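Please open the structure in the viewer and keep the selection tool at hand.

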Amino acid sequence: MAGWLAAHLGSRKDRIEAQRAGDAPVATALRQMPQGRWTGDPALGRTAPESHDFAWLDHLAAIGDEAAGRLAHRRLTDWAAQFGRGIGPGWTAEAAAWRLLRWLDHGGFADPRQTVPDTLAILSRHVAFLHRRWESAPEGMPRIAALAASITGTLALKGLPNRVGIEADALAKLSDSARTRNPEELLDLLVLLLTADAALRHAGHEAHFPAIGRIVGELRCLAHSDGRLARFHGGGAGIPGRLDSALAEARSRHPAPHQALGFHRLHAGRSSVIVDTAPPPATALAHASSLAFELTSGRRSIVTSCGPGQDLPEWARACRATASHSTLALEGHSSSRLGPAEMFTETAKVHGIHRQTLPEGTHLQASHDGWSVSHGLSHTRDLLLSPDGRRLVGQDMLAAHSMAERRRFFRLNAPRFHIHFHLHPDVRPIHHPGADSAALHLRSGEVWTLTFEGPAHLELRPSSHLERGLTTPRPSHQVVLSGIAAETSTQIGWTLAKTQDTPLAIRDLARDEDPASPDDLEPT
């Protein structure tokens, strides 16, 4: 129960309305509704902590065996007995919304014989509570989730007061204006809209949320070649299979756009590169990741970031720093600075974004001024992905352009810089001390080599890989190019390329659910 009791208690008004919701009409039956959208990760099934939003139910349902079903039933029964009458923590609009949606989606798995006491009364209380509280939920995803759950719950339960017309109009309006640079949150937004849309259509209502088409395009831009999402601004790679299922249901056949929501996507052959080409958003989970990139080849992530750290308080702030992303950072200084309220008070301004298709490949250039005031330096990054996707050529430049920047630069000691390439935990790097290259071995059998030119030295360092739902980080590695910006212009060129003996096509038979042994991943 520790996870449940640690949940946010909600406001006094929430607790009052949760009690009053028990006086609302109780449904007479549960309708069979479209299901299967809230897919989970079987790897997290028995380790996911108990929580009032029932995220653990997604993961247990993904396992799907009898033991997981018994555990889910026990947890559902325990929760109903302790909190189902509208008392205790967990009665906020957001928590109640996710709990209701997951209960409706996985009820057949967790309670196939409908033996959890007072199920209809508890579900009816949820709907009545959401009717009363969705307008008071925080703007953004919490309010959208509350509306989607209220609509879905009303239509799934027979005999309840019907306000779906008003709520569907409100949901359409909110979703049209909803914007997030957290890719995983964007996927949740799409699935919420698809869930409400399917419930409305199943019940014979007209349903049309124009935002679905826009969000599909944005997600295609933010998806790597392995079908997982780019890990930026508090979002993880996403539950395996959830993105594919959502895109299939949305029935969009449009190709991925080149840019969306301040990100650029480069794609060729088996490779995808996603670059953050905007300042961090004004949210509490934003990261100082301007000009950071991720690289994936086929089913294998190569270069990534440390990931979302908000589930682990001791990691939350560190994961937001520039050094936790695959980009250049000045030692001890992020490109955007956090203030006392955990919001960025100084943000890098990204400018000079230029993209073109050349015979040599797709070229992207962008700059930011994150260290202009503090050090008199701006950062420019050039990337070129070859037409076959086998080579990514990069150049990072620190320069003092204006007279004012040069004066600031010369007043300070020359700063140290580090260009970070955080590797996925399944990548095994090999580096010989003093060498100007590192070999990156993927579990697919591909081998990539990182080489560089310029005033820097290459070293291998430990890193950490965090993902939503994991209670501890996975150990990983990073390749770091370090040097001193002693002049008003310092340039470091680098190349990530498949070795010549790597075949054009590889049968990637290694299973994701079979983690590599520590010996397989130990660097050399």
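What follows is a short tour of charged side-chain pairs in this predicted model.

Side chains of opposite charge can pair when their charged atoms come close. In this model, the count comes to 26 salt bridges. Several of them are visited here.

Begin by selecting Arg 102 and Asp 58, whose side chains form a salt bridge with an N to O distance of 2.8 Å. Arg 102 belongs to helix α5 (residues 93-110) and Asp 58 to helix α3 (residues 55-63), so this pair ties together parts that are 44 residues apart in sequence. Are these two residues buried or exposed? Arg 102 has 8% relative accessibility and therefore counts as buried. Asp 58, at 2% relative accessibility, also counts as buried.

Next, select Arg 242 and Asp 188. Their side chains meet in a salt bridge of 3.5 Å, N to O. Because Arg 242 lies in helix α11 (residues 242-250) and Asp 188 in helix α9 (residues 183-202), the pair ties together parts that are 54 residues apart in sequence. Both Arg 242 and Asp 188 are buried.

Then move to Glu 346 and Arg 337, where the side chains form a salt bridge at 3.4 Å, N to O. Glu 346 is partly exposed, as its relative accessible area is 41%.

Finally, select Lys 13, Glu 17, Arg 20 and Arg 132 together. Which kind of contact links these four residues? A network of salt bridges joins Lys 13, Glu 17, Arg 20 and Arg 132.

Notes
Residues numbered from 1 in each chain as written. Predicted model: local features only at pLDDT ≥ 70, side-chain atom pairs only at ≥ 80, totals over all residues. Heavy atoms only, no water. Helix = DSSP H or I, 4+ residues; strand = E, 2+ residues; numbered from the N terminus. Buried < 20%, exposed > 50% of the residue type's maximum accessible area, 1.4 Å probe, protein only.
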